[in-house]
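Please keep the structure open while reading.

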Amino acid sequence: MPIMSGAVPVPAEGGQHRRPIIAAAIELTARSGWPAVTMARLAELAGVSRQTVYNEIGSKAALAEAMVAHELGRFLSVVGAAFDRHPDDLVEAIYDAVRAVLELADDNTLLRAIVSATHGTAPELLPLLTTDAGALLTRAKAVVAERVAAYRPPLAVDQIDVVIDLVVRTVLSHVMQPSDTPARTADGLAWVAARVLGVAANPPLRHT
């Protein structure tokens, strides 16, 4: 699926140089800020020609979207791993997934660059995680919905969608602006999920 302007779809596969270029862009953004990222600089860091960078990525706007999509893939992988660890306990899987995502966010160099005013990245990158985050949310919710369906929760499909939307949006909010520790935030969302599902959180609110 191609990169689209103003969205964060599933990243295109591209050629052999695409991932190294994106990785170089993330590193350069974290180190020097988004304004320092140029196609010429990326070509130098990735060891390819500037034309190769254009062929693999396209525009700088497409590069920004590709960077966010790349990092989203990392976050979704830890979500999948959390669900795999708790195949028989949906509430525990939600707790584990939320905590894992927020802990990863704490140490994510691109996120730190995006939210840091000193890097000057907010005008171009911040909307990809806030006002223009529709495609990012759609992809994340689709992945979570597929995993949740395997537990056959006692809710109608539209009700499950509401719960997933609530959890995913809340997690994204805490990724951008944490108000508590990952463990406490995960506790709260697991408790909400347990109440909605009509089951007891096990154990209830570990980190109060």
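The residues that line the largest cavity divide into 32 nonpolar, 1 polar and 1 charged. Here Ala, Val, Leu, Ile, Met, Phe, Trp, Tyr, Cys and Pro count as nonpolar, Asp, Glu, Lys and Arg as charged, and the others, Gly among them, as polar. This is a predicted model, in which local features need pLDDT of at least 70 and side-chain atom pairs count only at pLDDT 80 or more, while totals for chains, interfaces and linings use all residues. Residues are numbered from 1 along each chain as its sequence is written, and side-chain values use heavy atoms, with hydrogens and water left out.

A search of the whole structure finds 1 cavity of 30 Å³ or more, and the volume of the largest cavity is about 570 Å³. A cavity is a set of points, on a 1 Å grid over the protein atoms alone, where a 1.4 Å probe fits but cannot get out; lining residues have an atom within 4 Å of a point. Grid points are joined across faces, edges and corners, and the volume is the space filled by probe spheres set on the points. Of the 34 lining residues, Val79, Ala140, Val144, Val168 and Val171 are the closest to the centre. Two or more lining residues come from each of H4 (60-85), H5 (90-106), H6 (109-115), H8 (134-149), H9 (157-176) and H10 (182-197). H9 gives the most, with 8 residues. Helices are DSSP runs (H or I, at least four residues), numbered from the N terminus.

Next comes the packing of H9 against H8. Their axes come within 10 Å and cross at roughly 125°; axes are lines fitted to C-alpha atoms over the stretch in contact, and angles run from 0 to 180 degrees between N-to-C directions. H8 and H9 are therefore oblique to each other, as angles under 35 degrees count as roughly parallel, over 145 as roughly antiparallel, 65 to 115 as roughly perpendicular and the rest as oblique. Contact (heavy atoms within 4.5 Å) involves residues including Ala140 and Val144 of H8 and Val168 of H9. By class, this contact has 10 nonpolar, no polar and 3 charged residues.

A second pair is H5 and H10, whose axes come within 8 Å and cross at roughly 155°. That makes H5 roughly antiparallel to H10. Among the residues that meet are Leu90, Ile94 and Arg99 in H5, and Pro182, Thr185 and Asp187 in H10. The contact of H5 with H10 divides into 14 nonpolar, 1 polar and 4 charged residues.

Conventions. 1 Å grid on protein atoms, 1.4 Å probe; cavity = no way out; pocket = protein on both sides within 12 Å on 5 of 7 lines; lining within 4 Å.
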